[in-house]
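Visitor: Could you take me through this model by question and answer, beginning with a sheet and moving on to the chains and their contact?

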Amino acid sequence: MFTSRLTLLWLLALPLCVFTAFFLIPLGVVFVASLTTQDGQFTLSQYGRVLLDGYHWQVIAVTFRLAILSTIICIVLGYPLAWYLVRIVKWRSWRRACVIMLILPLFTSNIVRSFGWMVLLGRTGLVNDALLGAGLIERPIRFLGTETGILIGLVYILLPFTVLTIGNALARVEPSLEHASRDLGAGPLRTFCSITFPLTMHGVMAGGIIVFSMAISAYVTPALLSGGKVTVLAMLAFQQYSTVFDFNYGGALSITLLTFTMALIGISSWMTRIGVHEKKGN
Amino acid sequence: MTLLAIQDVSKSFSSHRALDRVSLDVMQGEFISLLGPSGCGKTTLLRVIGGFMSADGGRVIIDGQDVSSLPPERRPLNTVFQNYALFPHMTVLENVSYGPRRAGASRKEAEVRAHEALEMVGLAAMAPRSPRAMSGGQQQRVALARAIVNKPKLLLLDEPLSALDLQLRKRMQIELKQLQVQLGITFIFVTHDQDEAMAMSDRIAVMSAGRIEQIDEPETIYRRPKTRFVADFIGEANIVPMQKDGRSLARDAAFDGVLRPENLRVFTRAESLPDGWLSLPATVSASTYVGGTSNIYMVSGDRSLHARSYGVLPGDIREGVEIIAGFDPADIHILEG
């Protein structure tokens with residue numbers, strides 16, 4: 001037992017060092033900076049600047065709206081895709097090909113992908129051309145510089161995460177459980193709602209949290225697809241760091257984003273747990 | 001009254017014929033076992049009856065209604081699954097009340113009925129627990145309660161006892177049989193364990209390679225097997241070459257006579273053979289004594305023989321000893337064809 005405990009300590013030492021050096025210390029630096037003035041005095045004025053300004057609240061609202069919508073869309077699109085991959089595809093090589101196609105966009109640079117979407121979503125881009133050609137619209141839709149455009153870009157990058165986590169959860173649901181539900185008189189829809197979906201909830205939650213945290217902190221996609229017309233919190237923070245060089249104000253913006261994000265994730269997982277508890281209760 | 005009629009049901013998986021024109025009639029209140037080695041098609045047949053798998057051809061008729069094209073939720077039967085298939089995210093009570101809820105009962109009514117079913121299997125106190133925190137035997141009972149709560153006409157059981165240890169399995173066999181008699185539900189019980197099938201069934205359908213080899217009462221299956229497969233699969237069998245009339249031994253194996261080990265006896269001298277008995281000279285190759293029964297394994301020409309008797313063997317029957325294996329021709333059963 002001693003040896004294993006000692007070994008465990010050694011094994012943990014390296015990741016712990018890396019975590020401290022590259023994650024906790026920078027975060028601490030940002031946090032301290034957000035609480036000080038340029039000359040090192042303690043102050044809360046940076047947060048005052050962030051939270052007392054209506055403009056910032058507007059940016060926070062846009063940021064969260066984009067992140068929540070992309071999370072919902074990724075789950076709604078990801079579930080059927082995962083279902084197709086796990087339940088419908090029988091041929092192994094085709095399933096592998098689908099998974100590769102799904103994660104292929106992740107191999108390219110974020111910037112290249114976003115430029116790709118700029119080309120596709122432009123006034124004379126492929127999407128508008130196709131819609132015009134099909135006679136579905138009369139005038140080109142403006143995607144660039146709108147939240148819709150950013151949403152399309154975000155969903156495109158983040159969809160694989162929900163498909164993979166939900167697919168993994170779906171593959172673990174034993175078919176005999178669904179058979180048992182059908183056997184007890186539940187139709188396919190009722191079986192999905194009462195058995196399959198609750199049993200894949202952890203995959204949905206995991207995928208949702210990944211997508212949400214990546215969408216809320218996304219910089220490149222919103223920056224490129226917004227055309228300067230839509231601003232998210234990460235863009236504001238980046239401006240402060242790279243253009244204005246106000247590390248204190250930038251730090252306060254970053255910590256604000258982090259706090260709101262943690263709060264939302266905390267609330268949603270707490271609500272899920274309450275939901276599970278209530279079900280157990282009766 | 002026929003409750004379940006299976007008519008010419010076939011099912012293939014690519015090139016493998018899992019069911020080959022199977023027909024079977026099951027009476028109301030009967031306990032039927034589908035018995036056979038793995039891959040014989042018994043589980044496939046159960047899935048076709050349950051509606052989890054569609055047959056390539058043939059019909060399944062329950063209580064006069066052709067259910068061949070109905071989905072599982074619309075068939076008047078329930079199933080106890082091999083791995084129990086209890087819903088892990090629900091309590092025991094929720095698991096058992098799931099059926100009544102789907103049948104349209106109110107939550108309260110469903111819970112009352114679930115409690116009744118749980119009481120029947122002796123688990124009423126476990127209702128608020130999670131099935132994941134229960135032993136295999138308890139999960140088995142929950143699965144049983146969940147399957148009988150809707151009072152189906154027909155209960156399908158897919159090797160429900162195979163995951164339990166021997167002691168518990170013996171006890172559950174008795175309880176299951178009692179429950180079946182008490183409820184009057186028709187049971188179709190899939191198993192590969194011949195003792196289990198013998199102990200519980202009214203009739204046994206012995207299956208092999210997608211066909212029903214024989215369907216009869218346990219005693220008939222044991223005493224008068226129709227085929228060599230049934231003779232070998234149920235209990236142990238000595239195959240002895242016989243004349244067609246079953247009265248004398250044949251030189252060339254014209255007909256296979258099935259002789260159970262308990263009907264074969266060992267004599268040291270030809271004079272002690274009772275009148276009318278037939279005998280084969282043999283050499284003892286091994287002998288064992290297990291819990292009250294003795295087994296003697298012999299070689300006679302190119303065939304091996306097995307005799308079983310109660311009590312301890314005489315000391316002079318040892319390995320390598322020449323003896324005479326004798327039997328009463330009345331105990332031998334001639335296989336047809």
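This is a predicted model: local features need pLDDT of at least 70, side-chain atom pairs count only at pLDDT 80 or more; totals for chains, interfaces and linings use all residues.

Visitor: In what order do the 4 strands of the open sheet in chain B stand?

Guide: In chain B, 4 strands form an open sheet with antiparallel pairing. Strand E2 (16-27) and strand E5 (65-66) of chain B stand at the edges with a single partner strand each, so one side of each is left without a neighbour in the sheet. Read across, the order is E2-E1-E4-E5.

Visitor: How many bridges join strand E1 of chain B to E2(B)?

Guide: Strand E1 of chain B covers residues 2-13 and runs antiparallel to E2(B), and B:Ser12 stands opposite B:Arg17 in E2(B). The number of bridges that join E1(B) to E2(B) is 8.

Visitor: Which residue takes a positive phi in the hairpin of E1(B) and E2(B)?

Guide: The hairpin has 2 residues between the strands E1(B) and E2(B). A positive phi near 45 degrees is found there, and the residue that takes it is B:Ser14.

Visitor: At about what angle to E2(B) does H1(B) run?

Guide: Helix H1 of chain B, residues 42-50, lies across E1, E2 and strand E4 (57-62) of chain B. Relative to E2(B), the helix H1(B) runs at about 60 degrees.

Visitor: Why is helix H8 of chain A described as largely enclosed by the rest of the structure?

Guide: Helix H8 of chain A spans residues 175-183, and its buried residues include A:Leu177, A:Glu178, A:His179 and A:Arg182. Just after H8(A), A:Gly185 takes a positive phi of about 105 degrees. The helix H8(A) is largely enclosed because the number of its 9 residues that are buried is 7.

Visitor: Against which elements do the buried residues of H8(A) pack?

Guide: Within chain A, the buried residues of H8(A) pack against helix H9 (188-216). They also pack against elements of chain B, namely H1 and E6.

Visitor: Which element gives the most to the side of chain B that touches chain A?

Guide: The contact takes 17 residues from chain B and 16 residues from chain A. On the side of chain B, the elements that give two or more residues are strand E6 (77-80) and helix H2 (92-102). With 3 residues, the element that gives the most is H2(B).

Visitor: How many charged residues does the side of chain B that touches chain A have?

Guide: By class, that side of chain B has 8 nonpolar and 7 polar residues. Its charged residues number 2.

Visitor: How many strands does the secondary structure of chain A come to?

Guide: From the N terminus on, the elements of chain A run α-α-α-α-α-α-α-α-α-α-α-α, which comes to 12 helices. Chain B, by comparison, comes to 8 helices and 18 strands. For chain A, the number of strands is 0.

Visitor: What percentage of the 337 residues of chain B count as buried?

Guide: A residue is buried if 20 or more other C-beta atoms lie within 10 Å of its own. On that cut-off, 29% of the 282 residues of chain A count as buried. For chain B, the value is 41%.

Definitions and conventions
Residues are numbered from 1 along each chain as its sequence is written. Chains are lettered from A and ligands numbered from 1 in the order in which they are written. A residue is buried if 20 or more other C-beta atoms lie within 10 Å of its own, exposed if 12 or fewer, and partly exposed in between; C-beta atoms are placed from the backbone. Two residues are in contact if their C-beta atoms, placed from the backbone, lie within 7 Å. Ala, Val, Leu, Ile, Met, Phe, Trp, Tyr, Cys and Pro count as nonpolar, Asp, Glu, Lys and Arg as charged, and the others, Gly among them, as polar. Two strands pair if DSSP finds at least two bridges between them. Axes are lines fitted to C-alpha atoms, for helices over the stretch in contact, and angles run from 0 to 180 degrees between N-to-C directions.
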